[in-house]
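I'm opening my notebook for this one and jotting things down as I look them up. Let me get the structure on screen before I write anything else.

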Number of protein chains: 2
Amino acid sequence: MPTPSNRGAMMPESPIRKLVPLANKAKAKGLTVYHLNIGQPDIKTPQVGLDALQAIDRDILEYSPSEGIRSFREKLVDYYKSFKIDVCVDDIIITTGGSEAVLFAFLACLDPGDEIIVPEPAYANYTAFAISAGAVIKPLLCTIETGFALPPVSEFEKLITPKTKAIMICNPNNPTGYLYTQQEMNQIRDLVKKYDLYLFSDEVYREFCYTGAPYISACHLKGIEQNVVLVDSVSKRYSECGIRIGALITKNAQIRQDVMKFCQARLSPPLLGQIVAEASLDASKDYMLTVYNEYVERRKFLIDAINRIPGCYTPIPMGAFYTVAKLPIDDADKFCAWLLDEFEYEGQTVMIAPASGFYTTPDVGKNEVRMAYVISKEELAKAMIVLQKALEVYPGRRL
Amino acid sequence: MPTPSNRGAMMPESPIRKLVPLANKAKAKGLTVYHLNIGQPDIKTPQVGLDALQAIDRDILEYSPSEGIRSFREKLVDYYKSFKIDVCVDDIIITTGGSEAVLFAFLACLDPGDEIIVPEPAYANYTAFAISAGAVIKPLLCTIETGFALPPVSEFEKLITPKTKAIMICNPNNPTGYLYTQQEMNQIRDLVKKYDLYLFSDEVYREFCYTGAPYISACHLKGIEQNVVLVDSVSKRYSECGIRIGALITKNAQIRQDVMKFCQARLSPPLLGQIVAEASLDASKDYMLTVYNEYVERRKFLIDAINRIPGCYTPIPMGAFYTVAKLPIDDADKFCAWLLDEFEYEGQTVMIAPASGFYTTPDVGKNEVRMAYVISKEELAKAMIVLQKALEVYPGRRL
């Protein structure tokens, strides 16, 4: 039997995946499991998107253009304009989810061995795509004590080597819910300019900014237009995770030309998803506002509840629908497994993501978890009672 | 501006893509362009697939499992059984088109610098996926004179180095329509065993074998079960190219485990496409037979017509819906551009794929083209008249 690739072995195993069999076991025992572990919203897809699906009247489900359907890309121009992101149709390439946009950005911009600085905790799959492309992620540690704010420029500069070719951010942030300030974005802009780096900016949660603080897109930064690659997706904003429609957006013609070669190799992004996504751009203001208000309420509720549990602390997330919390425990991987495997409270338990999957710096964030508020307030309430009860009896409790 | 990756620069530019602006220009002039250049069939998608689409009644278009929807994978087990391919549900991983199956097979099995032997002419995008994974394709030249049969084992062995890790075949073949014989498949099996190689086998055209000769799947070969990775797709067999649903199938648990890490990183294959593909497995025998018979007729017609044009020759393809033909010309890239840019016959012209895109051996197949019979017989007839008239006046004519 031939040997598999080193790349396969290097690919991180998600700590959440390891919990799945335990969650299934808990459910098989008849327990109710509240899922705070996932990024799959329970929010309804906009009706206009679902209607477009049922209205599809074609004889042949044929290839769409490798760069995506033109009318969809045209409508996206207007959508971005509403966020003061000034792009034209040609700047927008439709991808199979935001995931493919990250992968293609890495493949087109980075050579094996090239380094990407990523503030962490960070979305775990960036590492997976970096490994796929042979690139290396250099984590820049942000801490819960500072609310996951960006460290000073000097900390970035410590990580810069001749191999550094990019900075990657997620804004608003998954997993922390942090929203970068104008000052922080300027700091990133200056670094990008000074060291001539790419800036990959994943902004799929832009609809979900809660504090009145402005959403500063990488595309708003002046003077680095040729360095910026925006990663986007309709998954979260329209609760359409399954249709796999994202976008890669850049004003850099050379990058677009190279990215298009990877797009052409995979022939086309999903046709059906594009039809739904295009229609969903017409989702009513009412729909968007209802969804937004729902998240606002859940966020307030969850953050308050966590911070009221003795020994727990979470900063107030400014965006997205996640928060990272510090719990009075020895080890979040152990605790999250224990919750599913050994604990129950009135026939219920909770599934939470250990933060270990979001850090590549060793031994950091061991007592941290990520919680997503993608379930109803009523369920969040029950989940927080379960969490509190669990922490009272968890054998690995540490204060 | 930071430099793009070498990978981007290495990615081949499809010679067909270069012709697209010329085709658009021809159409703008009012010419009818017969498209023999593409793999997008004009065949109707099965009604049962289209019906499933309109019957989708969900509130949330949520993520599907990273390995694909279980009921779909279960139905695929039966489908493969009908081709005497004996696999279980766990052996099947659903991918975003056959394209992703090739990419993930390469990423999971091959390290940068590893070599894959590919009989050529070959599907051009294998090269693109190999470059993405840092692997190197070593072409094994097959020639039109032998009808694109596999060369003897000794020719394979000349290419084997310590870096050789895989053989990749496409059977029935795109672009040649060749169908590997039992003897050839045994030859491949023995090589795979002797040198402990992976065998990646792209069998997306299995429905389309025309000569009564048996379709020998890589999965039929005894003793190399752990070496075989089957690449599949519903695109061609149900005329569903746009839904982006394929599969990677292997009995090798280690490969599956590694492939699943790449699958989990991209979260899930397209939900909507899976629903359509699953329903399409129930396409009636009548539908499949009608499609088959249509291709049989077109193939006969096209092959006869090509071979009747003075100076033209094509072997008789045994499967798929392509053929590679030798034309009495200096250079197929020039000729195909000239057809669109300078020629017309009664307001019509043809778009054909130069074979240069299917060869990586330099200066080979310069007078060869690939033609796809994915348009109606009536259109094929007109296209062949246009081709004949064009060859009579083409300035680069060579006999």
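This is a predicted model: local features need pLDDT of at least 70, side-chain atom pairs count only at pLDDT 80 or more; totals for chains, interfaces and linings use all residues.

**Entry 1**

I started with H13 of chain A, which runs over residues 377-393 and has 17 residues. From first C-alpha to last I get 25 Å, close to the 24 Å expected at 1.5 Å a residue.

Next I asked which residues of H13(A) are buried. My list reads A:Leu380, A:Ala383, A:Met384, A:Val386, A:Leu387, A:Ala390 and A:Leu391. Looking down the axis of H13(A), I find these buried residues within an arc of 165 degrees, so they line one face of the helix. A reminder to myself: an α-helix has 3.6 residues a turn, so residues three or four places apart point the same way.

What sits on the face of H13(A) turned away from the buried side? There I found the exposed residues A:Glu378 and A:Val393.

I also checked what the buried residues of H13(A) pack against in chain A. The partners are helices H11 (285-308) and H12 (332-341), plus strands S1 (32-35), S10 (348-351) and S12 (368-372).

**Entry 2: two copies**

I laid chain A on chain B, and a turn of 180 degrees with a shift of 0.0 Å along the axis does it, at an RMSD of 0.0 Å. The two copies are thus related as by a two-fold rotation axis. Which C-alpha of chain A is nearest that axis? It's the one of A:Gln54, 2.2 Å from the axis.

Then the interface: 100% of the interface residues of chain A are also interface residues in chain B, so the copies meet through the same surface.

**Entry 3: cysteines**

I looked for disulfides over all chains and counted 0. B:Cys88 is in no disulfide, and the nearest cysteine sulfur, in B:Cys219, is 12 Å away.

**Entry 4: A:Leu271**

I found A:Leu271 in helix H10 (residues 271-280) of chain A. Buried or exposed? A:Leu271 counts as buried, at 2% relative accessibility.

Leaving out residues up to four places away in sequence, I see A:Leu271 touch A:Arg58, A:Leu61, A:Glu62, A:Ser64 and A:Ile69, along with B:Gly242 from chain B. I also compared A:Leu271 with A:Ala52: they are 219 residues apart in sequence and 12 Å apart in space, C-alpha to C-alpha.

How values were computed:
Residues are numbered from 1 along each chain as its sequence is written. Chains are lettered from A and ligands numbered from 1 in the order in which they are written. Side-chain values use heavy atoms; hydrogens and water are left out. Helices (H or I, at least four residues) and strands (E, at least two) are DSSP runs, numbered from the N terminus. The expected span of a helix is 1.5 Å times one less than its number of residues. Buried means under 20% relative accessible area, exposed over 50%, partly exposed in between (1.4 Å probe, protein chains only). The arc is that of the directions from the helix axis to the C-beta atoms. Contact means heavy atoms within 4.5 Å. Copies are superposed by least squares on the C-alpha atoms of residues with pLDDT of at least 70 in both. A disulfide is a pair of cysteine sulfur atoms within 2.5 Å.
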